[in-house]
Each structure stands twice: as C-alpha cells, then as structure tokens.
Amino acid sequence: MSEYQRMISGQLYSAAKIEKEYNPQTSRALAQKINQISLLEQEKIIALEKQLFGSTGKSIYVNPPLQVDYGFNTHIGENFYANVDCIFLDVAPITIGDDVMFGPRVSLITPLHPIDADVRARGLEYAKPITIGNRVWLGAGVIVNPGVTIGEGTIVGSGAVVTKDLPAYVIAVGNPARVLREISEEDKHYWEKQESDYHETKKAD
C-alpha cells in the first residue's frame, strides 16, 4: 500500500514520504495563486477553484482567501458558497453536498496525531474523513473536527466546534457543539411566508 493510500484510508502514514505525484505543494501554490487574483475576475477564480478541488458542481464560489492541504481530496456538490478565509485540511477525504453554505473562517480539519508523544515525534500521523450533507449551513468560525458527519439541512451556529456527528435538520451551537433544537415545520412555514411577502413586495416596487 502506498503512503498516500495509507493516508486517505485512515492509517498511520508519514507526510514526508508521500509519493511525488500526490505532492500537496502544487495545490497549495494554486490556492495561493487564487488568493492573489483580483475579486473582479470572478470567472477566473471559479475556473481555478474547479481545478483545485477533486470535483465540484457547476455552480461553486469560494471567496478568497482560502487554504487547502491537498485540495484534490475535497469533493463539492452543486451550488456551493463559502465566505472568506475558509480552510480545507483534506488529508482524508472531505465530501460536501449540494446547496451548502459556509460563513467566513470555517475550518474543516481531517488530520490527527497519535496520543503517544514518541510516535508523534517520529513523524507519523493519520486522518479521518469529514462529510457535510446537502443544504447544510455552517456559521462564521465553525470548526469541524476529524471524522465528523453533519446531516442534511443542519445549521451550525457561529464559533461552534463540531467534535461529533450531528443529525439532519437541527440547529447546533457551542463548544463542543450540541443540538439546540430541531428545525420544525413551523420554521419552514414562517420562512416560506417571509419569502412570499418578499416576492409580493418586489412586484409592488
């Protein structure tokens, strides 16, 4: 098994021994290039971001600056938006669903280090994948820890640190993140009414 295969499968590996064809420096350099492009050149930014990540939907925009570890280990669905300063440490795979939104400074962190200090000192590490379901919204400064899955439609409040899986359609807050409440039918009806009022107001303008 190659060092890269060990890495993405969650086994101990040495970052110093990753095969040249998987060298993360190429992706990090591409991220740096994206960060230096004028925000007025949005089409160019989007084209490079589609090159940076392993796969994306047609509609994607990650507002620079952004940071990646490998880049190509992150797979993003349709209609994705991330605000500034987001971090994708994709030592293990990161999978992001459709219609997902990130606030500024969201961090997805897959790498882990052994508890034993001697093993750490010998340069061995490992990682666990992160999965973000469809229609998830992560607020500003959210940190998602290794191995976490966040269920469809869930909202995570600003500054939360997600250390364990979250179910679908809940609001979670805090450090460590905990479920505050479920997203209810009343929430849905309220916001559908707000949207209807918005469209009626636009017609009247």
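K193 is partly exposed, at 48% relative accessibility; that class lies between buried, under 20% relative accessible area, and exposed, over 50%, using a 1.4 Å probe and protein chains only. Its partner is D197: the two form a salt bridge, with the closest N and O atoms 2.8 Å apart. Salt bridge here means a side-chain nitrogen of Lys or Arg within 4 Å of a carboxyl oxygen of Asp or Glu. D197 is partly exposed too, at 31%.

A word on the source. This is a predicted model, where local features need pLDDT of at least 70 and side-chain atom pairs count only at pLDDT 80 or more, while totals for chains, interfaces and linings use all residues. Residues are numbered from 1 along each chain as its sequence is written, and side-chain values use heavy atoms, leaving out hydrogens and water.

Where do K193 and D197 lie? Both are in helix α5, 4 residues apart, about one turn of the helix. Helices are DSSP runs of H or I, at least four residues, and strands are runs of E, at least two, numbered from the N terminus.

Helix α5 covers residues 185-204 and also holds K188 and E192, again 4 residues apart. They form a salt bridge, closest N and O atoms 3.1 Å apart. K188 is partly exposed at 44%, and E192 is partly exposed at 39%.

D85 forms a salt bridge with R105, at 3.1 Å. D85 sits between β5 and β6, R105 between β8 and β9, so the pair ties together parts 20 residues apart in sequence. R105 is exposed, at 57%; D85 is partly exposed, at 26%.

The whole structure has 6 salt bridges.
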